[in-house]
Amino acid sequence: MLDKALIREHPDVLRASLRRRGQDSGAVDGFLKLDERWRAAVTEIDRLKAERNAISAEFARAKSAGSDDALASLRSRSSELGAQIEKRQREAEAFDHDATELLAGLPNILAEDVPDGLDASANRELRRHGEPPRFSFEPKPHWEIGERLGILDFERGVRLARSRFVVLAGAGARLNRALIDFFLQRNVASGFTEIMPPLLVNRETVEATGHLSKFSDVMFSVEDGALFLSPTSEVQLVNLHRGEILAEDALPKLYTAYTPCFREEAGAAGKDTRGLIRQHQFEKVELVGLSTAAGAREVHERITALAENLLQALELPYRLVLLCAGDTGFASRKTYDLEVWLPGQNAYREISSCSDCGDFQARRAHIRYRPAPKLRPEFAHTQNGSALAVGRTIVAILENYQQADGSVRIPSVLVPFMDGQTHIL
RNA sequence: GGAGAGAUGGGUGAGUUGGCUGAAACCGGCGGUUUGCUAAACCGUUAUAGUGCUAUAAAGGUGCUAUCGAGGGUUCGAAUCCCUCUCUCUCCGCCA
């Protein structure tokens with residue numbers, strides 16, 4: 001959520017940012033108008049309440065003086081004020097409700113170094129690492145490799161749940177676990193604290209990270225919408241300190257978590273229907289940072305570098321992309337995507353997305369820090385990134401490490417995590 | 001799931017015949033005095049948010065309002081009374 005004061009004082013900054021995202025800026029003027037009315041109403045309400053409070057104090061005095069006439073007149077004056085307050089309060093609530101709705105729909109203000117552009121074609125490739133492998137045969141897509149090896153079973157996934165659920169078997173399940181273990185070990189070694197959070201989260205938790213406007217499309221819910229299956233552990237990790245005021249020297253807080261993630265993705269029907277790329281349930285190891293304003297950039301870069309190092313260690317070819325304005329997510333002010341090379345698709349595909357959300361999430365989640373004792377608390381900044389998406393890493397390994405005979409070599413860094421197994425045959 | 005008890009500021013914990021109680025006291029934190037240093041002692045200070053006015057290069061100052069788990073109600077007035085919900089604790093049951 002954006003800062004009201006920022007919109008009041010610098011609406012042009014916001015309009016410019018919206019324009020860069022290719023969005024209409026009409027909501028800004030709507031907000032400003034409602035906000036002004038709301039403030040006028042609140043000022044009036046506060047004045048009326050002050051008057052009523054004064055009468056209350058006088059009432060106590062008049063009572064001990066025993067003047068019945070005075071009491072009666074005070075009582076009726078106070079009742080009058082009460083009625084006025086109630087009326088004004090209803091107005092104020094309506095203004096506030098509408099203004100907040102508009103405010104909640106406004107995306108984060110983009111960082112200055114986010115390139116212009118409205119879609120993925122304008123994303124800026126910053127660097128490539130590794131060479132796409134050359135095959136002496138026609139490389140197969142991962143679902144063919146996995147099914148042939150008996151480690152990916154899409155049919156039985158459907159039998160147990162429905163479409164877009166999968167069963168990993170044997171070395172496939174083992175590879176999944178090895179990757180989780182490997183990722184977590186590296187992340188913890190880099191100073192991130194491992195967390196095992198609840199997988200079901202309540203409404204406040206979901207709303208705090210700014211997935212509000214679209215969450216009904218993305219998330220599975222249970223208990224009549226009281227709880228949601230988390231779509232990413234970013235949600236839980238950011239909410240860990242919701243409502244808290246942290247000491248500055250406690251920052252940055254760095255967290256990593258392995259969790260299954262669940263996405264209904266109502267809007268994504270028809271995309272990536274085959275294989276492991278887009279599943280309703282997927283595994284992910286996530287990184288989240290809570291930092292000061294000054295430390296945000298460093299943590300964002302650190303998260304991105306850590307995710308990159310994982311790909312390098314796995315010897316998977318990838319490229320680092322800085323998302324353009326139109327492709328940058330709602331809560332983010334700047335996002336790097338890591339795209340891994342997939343021979344089966346002959347393309348780079350997203351395997352990690354690392355965002356700096358500024359104070360956008362922290363404002364709604366009320367995560368603050370005190371720059372120094374005595375000073376007013378400020379909103380923390382949040383950063384997040386996948387390190388990495390486990391399912392997509394399996395895809396990348398199967399496709400990049402496939403052999404002519406249909407077997408798959410295990411990246412050497414992973415062999416110890418596979419109890420020495422070097423190939424899936 | 002059944003029965004009971006409870007929820008107050010960073011912590012512990014007063015306050016329940018409704019009325020200068022945003023809230024005692026203690027601990028902790030911060031500033032200071034004392035001190036060769038440390039400790040101790042003493043003094044002061046110490047919630048958050050919204051909004052008005054004012055000020056600035058910034059910080060800020062000042063007024064008002066709100067907040068004693070959350071929401072609603074009674075009342076001229078609620079931390080205090082009533083209702084609903086949530087959570088915590090104890091006992092019983094069940095269970096990986």
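1. A residue is called buried when its relative accessible area is under 20%, exposed when this is over 50%, and partly exposed in between, as found with a 1.4 Å probe on protein chains only. By this rule Phe360 is buried, because its relative accessible area is 1%. Phe330 is also buried, with 17%.

2. The model is predicted: local features need pLDDT of at least 70, side-chain atom pairs count only at pLDDT 80 or more, and totals for chains, interfaces and linings use all residues. Residues are numbered from 1 along each chain as its sequence is written, chains are lettered from A and ligands numbered from 1 in the order in which they are written, and side-chain values use heavy atoms, with hydrogens and water left out.

3. Chain A has two parts, domain 1 (4-104) and domain 2 (120-424), with bounds from an automatic or database domain assignment. Their C-alpha centres are 43 Å apart.

4. Rings of Phe, Tyr and Trp (its six-membered ring) form a pair if their centres lie within 6.5 Å; planes under 30 degrees apart count as stacked, over 60 as edge-to-face and the rest as tilted. The count is five aromatic pairs. In one pair, Phe330 and Phe360, the ring centres are 5.6 Å apart and the planes stand at 80°, so the pair is edge-to-face. This pair joins distant parts of the chain, 30 residues apart: Phe330 lies in the loop between strand 11 (318-322) and strand 12 (334-342), and Phe360 in helix 12 (residues 360-365). Helices (H or I, at least four residues) and strands (E, at least two) are DSSP runs, numbered from the N terminus. Elsewhere, ring pairs link Phe182, Phe183 and Phe417 into a cluster.

5. An N or O atom in the side chain of Arg8 is 2.6 Å from a phosphate oxygen of RNA strand B, and for the side chain of Arg370 the corresponding distance to a phosphate oxygen is 2.6 Å. Helix 3 (26-65), helix 4 (68-104) and strand 14 (368-370) are the elements that give two or more residues to the surface near RNA strand B. Helix 3 gives the most, with 11 residues.

Key. Polar contact = N/O pair within 3.5 Å; in protein donor to acceptor, adjacent residues only side chain to side chain.
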